[in-house]
Amino acid sequence: MKELIMRFRETFGTILIDTAPVLHVPDSRILARVSDGVILVVRAHKTNQEAALAAVRCFAADGRRILGTILNDWDPKQSTYGQYGSYAPYYSQYYNIDGH
C-alpha cells in the first residue's frame with residue numbers, strides 16, 4: 001500500500017483515502033502513517049465526544065497530525081442548538097463570549 005500511495009503521489013497533487021472508523025479496525029492508523037495528515041470525520045448524533053477524543057488520541061500516539069474535522073449529517077433545522085446563544089454554556093469554557 002505504501003508503494004501504491006508513493007506512485008499516486010507522483011501523479012496527483014492531493015490524495016484522499018476514506019477508511020473505516022479508527023476505533024473499529026486498524027486500517028486507519030496504518031494508512032495514516034503514510035499520509036501527510038488526517039481529516040477526522042464525525043457523524044452528528046452518532047459519534048459521541050468520548051469516541052472522537054479517543055480517535056484524536058490514537059492519531060496523536062502515532063505522531064499523526066489532524067488537519068481538520070468534518071461533521072457529517074448535521075441538520076441545523078433539526079438541531080436543538082439552532083441559535084448561537086444555545087452554545088454559550090459550552091463555548092464559554094473555551095472562549096470569552098460573555099465579555100468577562
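The model is predicted, with local features needing pLDDT of at least 70 and side-chain atom pairs pLDDT 80 or more, while totals for chains, interfaces and linings use all residues. Residues are numbered from 1 along each chain as its sequence is written, and side-chain values use heavy atoms, leaving out hydrogens and water.

**Exercise 1. The aromatic pair**

Work out how the rings of Phe8 and Phe12 are arranged.

Step 1. Rings of Phe, Tyr and Trp (its six-membered ring) pair if their centres lie within 6.5 Å; planes under 30 degrees apart are stacked, over 60 edge-to-face, and the rest tilted. One aromatic pair is present in the structure.

Step 2. The ring centres of Phe8 and Phe12 are 6.1 Å apart and the planes stand at 70°, so this pair is edge-to-face.

Step 3. Now check exposure, where buried is under 20% relative accessible area, exposed over 50%, and partly exposed in between (1.4 Å probe, protein chains only). Phe8, at 35%, is partly exposed, and Phe12, at 48%, is partly exposed too.

**Exercise 2. The nonpolar core**

Find which residues make up the largest nonpolar core.

Step 1. Such a core is a set of buried Ala, Val, Leu, Ile, Met, Phe, Trp, Tyr and Cys residues joined through side-chain atoms within 4.5 Å.

Step 2. The nine residues are Val22, Ala32, Val38, Leu40, Val42, Ala52, Ala55, Cys58 and Phe59.

Step 3. Helices (H or I, at least four residues) and strands (E, at least two) are DSSP runs, numbered from the N terminus.

**Exercise 3. Salt bridges across the sequence**

Which parts of the chain does the pair Arg9 and Asp36 link?

Step 1. A salt bridge needs a side-chain nitrogen of Lys or Arg within 4 Å of a carboxyl oxygen of Asp or Glu. The structure holds four.

Step 2. In the bridge between Arg9 and Asp36, the closest N and O atoms are 3.3 Å apart. Arg9 sits in helix 1 and Asp36 in the loop between helix 2 and strand 1, 27 residues apart.

Step 3. For comparison, take Arg29 and Asp62, bridged at 2.7 Å, N to O. Arg29 is in helix 2 and Asp62 in the loop between helix 3 and strand 2 (66–72), so parts 33 residues apart in sequence are tied together. Arg33 joins Arg29 and Asp62 in a network of salt bridges.
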